Amino acid sequence: GAGTSGPVRNTYDAEKIYTVESDVYTNAGPAAPFRAPGMPQGAFALEQTIDDLAYRLGIDPLEIRIKNTLSDKVRQAEYPIGAEKFGWSKRAKMAGADKGVIKRGIGVANSIWYYIYNPGTIEEVLME
């Protein structure tokens, strides 16, 4: 009952999504999630997969997210703001491109939590 597929079904535009979830019982005691059981894990796995797909296709990781969330006007407004504030265009283009043992860089990822914004309010602001 962790709900790890929630981000897959709610973050990106896709015509068909098929997910299967299973609980795995261990000898570690009962689960006791505080909030959002499964959501962080599902979002992490999804965003890592999107990054991998972008690199394999030779597409900017931000660009692949922009192209696949077209129906979400709020995300479309947030992408350029975040990219500008973090200097996305100046980043190292390949993961691990920094020389030396210590690597530094920036990345991009989406997250989801239901009704984190009031759809009517932000869209009205964006239309002005």
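Before anything else I noted how elements get their names: helices are DSSP runs of at least four residues, numbered from the N terminus. I also reminded myself that this is a predicted model.

**Entry 1: the whole chain.** I counted the elements and got 5 helices and 0 strands. Reading from the N terminus, the order is α-α-α-α-α. I looked up burial next: of the 128 residues in the protein chain, 23% are buried. Among contacts with a separation of 6 or more, 63% link residues 24 or more positions apart.

**Entry 2: the length of H2.** I picked helix H2, residues 39-57. At 1.5 Å a residue, its 19 residues should span 27 Å, and the end C-alpha atoms are 27 Å apart, so the two agree.

**Entry 3: the sides of H2.** Which residues of H2 are buried? I listed Met39, Gly42, Ala43, Leu46, Glu47, Ile50, Asp51 and Ala54. Looking down the axis of H2, I found these buried residues within an arc of 165°, so they line one face of the helix. The spacing in my list made sense once I recalled the general rule: an α-helix has 3.6 residues a turn, so residues three or four places apart point the same way. On the face turned away from the buried side of H2 I found Phe44 and Arg56, both exposed.

**Entry 4: neighbours of H2.** What do the buried residues of H2 pack against? I found helix H1 (6-10) and helix H3 (61-67) there. Last, just after H2, I checked glycine 58, which takes a positive phi of about 70°.

How values were computed:
Residues numbered from 1 in each chain as written. Predicted model: local features only at pLDDT ≥ 70, side-chain atom pairs only at ≥ 80, totals over all residues. Heavy atoms only, no water. Helix = DSSP H or I, 4+ residues; strand = E, 2+ residues; numbered from the N terminus. Expected span 1.5 Å × (residues − 1). Buried < 20%, exposed > 50% of the residue type's maximum accessible area, 1.4 Å probe, protein only. Arc of directions from axis to C-beta. Contact = heavy atoms within 4.5 Å.
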